Amino acid sequence: MSRQQLKLWYRRPAENWVNALPVGNGKLGAMIFGRVEQERIQINEDSLWYGGPKKREQPDAHKHLEEIRRLMFEGKPQDAEYLARMAMTPGPKYFAPYQTLGDINLYFRQSNGETTNYRRELDLSTGIAKTSYTLDGTTYHREIFVSAIDQVLVIRLSSDRPGAISFSTNLSRRPFEGTSGKEGAESIVMQGQCGPDGVQYTTVLKAVAEGGNVQIIGDFVSVEAVDSVTLYVAAATTFRHPEPLVVCQSRIAASVAKGFEAVREDHVKDHRSLFERVQLEIEDSNEAEVEALPTDERLVRVQEGQADHGLISLFFQYGRYLLMGSSRRGSLPANLQGIWNESHTPPWESDFHLNINLQMNYWPAEVCNLAECHEPVFDLMDRLMENGRKTAREIYGARGFVAHHTTNLWAETDICGIYVPAIFWPMGGAWMSLHLWEHYRFGGDRDFLGARAYPIMKEAALFFLDFLIEDEQGRLVTVPSLSPENTYRLPNGNEGVLSIGPSMDSQIIHALLAACIEAGTVLDTDKEFLEELEQVRNRLPEPAIGKHGQLMEWAVDYEEVELGHRHISHLFALHPGEQITVHHTPDLAEAARRTLERRLAHGGGHTGWSRAWIINFWARLHDGERAYINLMELLSHSVHTSLLGDHPPFQIDGNFGGTAAIAEMLLQSHRDEILLLPALPKAWRHGRVSGLRARGGFEVEIQWQDGQLKEAVLHATQDGLCTIRSESPLVINREEGDVLVVNSIDGSVYCFTAEAGIRYSVQCANIDYSIPSTSK
């Protein structure tokens, strides 16, 4: 794919924040507007959350738990909810928000002449945002990036005329400004505290110019008549560093000593080492025509119903870019907005929602070859486990650890909020634990499995050994819990949200226990514990089919109050779980299909993240046409011109979920089987993808032509069994030496023992690609 295809670009500055262009390195992020007379660069530091950790007490929770359960089993969910709201919600009720660090303001001394040749762009392949324009015969250039190597934001301004650049710049955090002022001969500093008991923050900006003059006037840097200038910006808080000012000074001093060119070169090298692992090209007869258009105009064409395969590839890679920008080693995980937030009171506190959103953020991490970007989640899980032990003990009288539907900077695990349809859901820690298991499944690192993944998974499972109780059918169920944010109607007309054994809970616990059993077997440990888990797993409610042919959302086939609800939680077993598949459980897969049809018929998929999940569902059902239709719906209705996702308002999970869904259409590897092009739509007739990863330790290249597999190459990164499922007959060879590995096993399943470091070629046996295609 050409570099041009991997650029978002526009002919005008961003009018509002959500259409500015994002850059980031996991800890430090910026949104760039590209304005001419007065530029605004809004900045974030990932640990800048309001207030400190809270000591929440819930002294009445455990003593009322049995009463709440009794009311549930008596069919009185509203009474149970009434009591649970009082007994189980601590004070304070809400977590404090993630906040903006503030703005870098650039005030240019320029004439009011007409601006021409304006261009604003973001190059995904380099992680550099650029703005250029001509004014009064002089062409100006800006380059902006955030280096993960040097931990600085770099702003480079230059022009084609000596001495043409004059501006002033300051730091602001309206209306919660701390102190700002001079910090050395060419630097300014902004410092403050983010609420009572909150982190203390520091931001330092230093200007290094060629020619002209730089001085500090008040709390501004004045840059006058320079040929070019580089602004270095560093930020830190006391969350990580007891003396953030010293850290900022050190980072800037090191970057200045290194020099702009070297800082830029190291940034690009580091960025490309991750970004260029995956290539996607979907051939498009209109490629030259649409690439000549700016991104916002291409998006309008899609909204009008026209195809643009290049925009799909761009959107796919943009999701990978955003994950790199908001989640790197040592940073916090990507929150509801990644790392980019302009508000002091953002929607939903821009927190870590654990009932779908944080999980969706990381669906692309392993398959899209950004496993390192997954690591902040594991760091968070270490802290969630520690806090969640106390929560499990105090609220439920249980061992192990629990986390509910949301968490924050401090990894708090209490029941947060007062919105009953969301908060009484003890599954957040269990679902998140599965991310460590997925990391092992893709990479095969036994040390990671033994030291980090299994201990967390084990403690998550231990909680359910104590929390699960027997229902009237002898099954082990969760009570109280709920199907996230959804409401059911009882036969008597009463409505409820608290429920007994909602389907999603049983599916997550099934997946968790299965993972623990397999992990413990690999590690050859905890035999008696694993046997206990097996007994419990066998008593969980199985996925069931309801009266409408749909998958049941609750253990009882209740009617739904909102048929088009945004959450489709009871399809967890289809995706990201694997309890339901087209080949192994065809009846349940058909019920899942019916569930999706009912949701969509009644307005489902109306939020960006929900639509992204729906694409993943259709991909798992091997329905490429519906996956493609919903992908186009996502692009048409749920992204801004910056291609950032829209809930509405802006939420980044739609980007990550959409990227994962495109990968899922091209490659699947659950149930220990690899599927090549399982949901390829007819619109994508020719194309290629490389660098995707499959569970079991494989990096995969796929080429297709006329909608059929031409060749796939599997690069084994570890020894082990490789199983490929295909409805078409395959020929599989070692790429070196052309040695036949396997040709046919029972018509659709092909197995062979892969060796680490060896590449294997997979081709359809009944297609002759030596004859050139005549299709248009």
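Mentor: The residues lining the largest pocket divide into 15 nonpolar, 10 polar and 11 charged, where Ala, Val, Leu, Ile, Met, Phe, Trp, Tyr, Cys and Pro count as nonpolar, Asp, Glu, Lys and Arg as charged, and the others, Gly among them, as polar. Keep in mind that this is a predicted model, in which local features need pLDDT of at least 70 and side-chain atom pairs count only at pLDDT 80 or more, while totals for chains, interfaces and linings use all residues. Residues are numbered from 1 along each chain as its sequence is written, and side-chain values use heavy atoms, with hydrogens and water left out.

Trainee: What volume does the largest pocket have, and which residues lie nearest its centre?

Mentor: On a 1 Å grid over the protein atoms alone, a pocket is an open set of points with protein on both sides within 12 Å along at least five of seven lines, a cavity is a set where a 1.4 Å probe fits but cannot get out, and lining residues have an atom within 4 Å of a point. Grid points are joined across faces, edges and corners, and a volume is the space filled by probe spheres set on the points. Here the largest pocket has a volume of about 720 Å³, and of its 36 lining residues Glu438, Arg441, Pro576, Gly577 and Glu578 lie nearest the centre.

Trainee: Which helix gives the most to that lining?

Mentor: Helices (H or I, at least four residues) and strands (E, at least two) are DSSP runs, numbered from the N terminus. It is α12 that gives the most to the lining of the largest pocket, with 7 residues.

Trainee: How many cavities of 30 Å³ or more are there?

Mentor: The whole structure holds 6 of them, and the largest cavity has a volume of about 100 Å³. Among the 13 residues that line the largest cavity, Gly24, Val146, His267, His271 and Arg328 are the closest to its centre.

Trainee: How many aromatic pairs does a search of the whole structure find?

Mentor: Rings of Phe, Tyr and Trp (its six-membered ring) pair if their centres lie within 6.5 Å, and planes under 30 degrees apart count as stacked, over 60 as edge-to-face and the rest as tilted. The search finds 24 aromatic pairs, one of them being Phe463 and Phe464, edge-to-face at 5.0 Å centre to centre with 80 degrees between the planes.

Trainee: Is Phe463 buried or exposed?

Mentor: Buried means under 20% relative accessible area, exposed over 50%, and partly exposed in between (1.4 Å probe, protein chains only). Phe463, at 0% relative accessibility, therefore counts as buried.
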